[in-house]
Amino acid sequence: LAHEYCFFLHDEIARMLIEFEGAGAHKVKFKFSSSRERKRFDALAKTTDPVSVLKALGRHSEARRVVLNTITMAMVSDCAHHIYEALRCFEKGKVIPGFNLLRKPLLDNLMYFTWMVADEDGFHLAFTSGDPAKITQKVLGNRRSELMQAAIEETGLSAVVRIEDLHSIIFDVSNPDGLYGLFQHAVHLVTVDRIEIKTSPENFNFIFNQPADQDIYRTLYASLPTVLLYLAFLVMTLYQRIHPIENGSRSAFMFRTINGYRLLLGKEASLAVASAIGKVLSPLLQCANCKTPLKVTESNAAKLLLADCFQCTKCRGKQLYPFSWMF
């Protein structure tokens, strides 16, 4: 279920990207104030890039939006590609390539998204300064917790994700249940600089592990859903700034992602989710084959939330139901 939930979050990120690209929502449009401005734009556009042209015309807000939109679209695409291939690797037991693929989106892309959500002005100023040294991960190092906390509040995840847990999972080298040590071991055959992830004697990192080592998968899927939930909300917030997302779509995204996450938080939480959905849907729905009323088990709650379907508990028939469209 944790793996399917992670793939669901990837698919939601990819869906938003495809829909925004298809609608051209990321393109910045404006009306010229006069024919003189239009002619000047046309003349400048022949010799320089659009952002510089907009700045030359004094349209700094439009130029800023072009920069931020372009970064968002390109970086989300890059991030989604890496996550998809990583999840496919984990399905095949290829854990070393899987962690290598996850390392970039979760250590790099995620923090730039965080910076953009939490401090858009500061990010834009640093990015357009002309000095790449101002946007390195080293510069972000001392601000990670501050920016992540601000981003959690901005995205509306404060009641679901704790900054201490999130930061520890991604960046705490001493957390044995976190991802940082796994990333480092996947990239390097030998690690000796940090005692917490030091290579054991007469060994190479990961080389002698069995592909079906359950401990690795337990650690991975205890941590990854939290990080990808946060990432998905960052992407949704950035897209919301590009163009307002329709209220029903936004509500469906938030309800499905948060309650899908709650299904992974233990028996009590998953039963509460199933019960809440059942109270609403069970009196209204029945199996199309045997007419048995819908029973929202934990399994059916997951199917409804993540796949828009349910399974009859009597005849076992699987049926589509447009749960996400209810919003």
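Buried means under 20% relative accessible area, and this cut-off is used in the close-up views below, which are drawn from a predicted model.

**View A. Thr-292 in the loop between α13 and α14.** Thr-292 lies in the loop that runs between α13 (267-281) and α14 (298-307). Its relative accessibility is 17%, and therefore Thr-292 counts as buried. When neighbours within four places in sequence are set aside, the residues in contact with Thr-292 are Gln-286, Cys-287, Cys-312 and Lys-314.

**View B. The largest cavity and its lining.** One cavity of 30 Å³ or more is found when the whole structure is searched, and the space in the largest cavity comes to about 30 Å³. Thr-292 belongs to the lining of this largest cavity, together with Cys-287, Pro-293, Leu-294, Lys-295, Phe-310, Gln-311, Cys-312 and Thr-313. Sorted by class, the lining comprises five nonpolar, three polar and one charged residues. Cys-287 and Cys-312, which are among the lining residues, are also among the contacts of Thr-292.

View C. Of the 29 residues of α11, 23 are buried, so the helix is largely enclosed by the rest of the structure.

**View D. The bend in α11 at Leu-224.** At Leu-224, helix α11 bends by about 30°, and a proline, Pro-225, follows within four residues.

Conventions
Residues are numbered from 1 along each chain as its sequence is written. This is a predicted model: local features need pLDDT of at least 70, side-chain atom pairs count only at pLDDT 80 or more; totals for chains, interfaces and linings use all residues. Side-chain values use heavy atoms; hydrogens and water are left out. The bend at a residue is the angle between axes fitted to the seven residues ending there and the seven starting there. Helices (H or I, at least four residues) and strands (E, at least two) are DSSP runs, numbered from the N terminus. Buried means under 20% relative accessible area, exposed over 50%, partly exposed in between (1.4 Å probe, protein chains only). On a 1 Å grid over the protein atoms alone, a cavity is a set of points where a 1.4 Å probe fits but cannot get out, and a pocket is an open set with protein on both sides within 12 Å along at least five of seven lines; lining residues have an atom within 4 Å of a point. Grid points are joined across faces, edges and corners, and a volume is the space filled by probe spheres set on the points. Ala, Val, Leu, Ile, Met, Phe, Trp, Tyr, Cys and Pro count as nonpolar, Asp, Glu, Lys and Arg as charged, and the others, Gly among them, as polar. Contact means heavy atoms within 4.5 Å.
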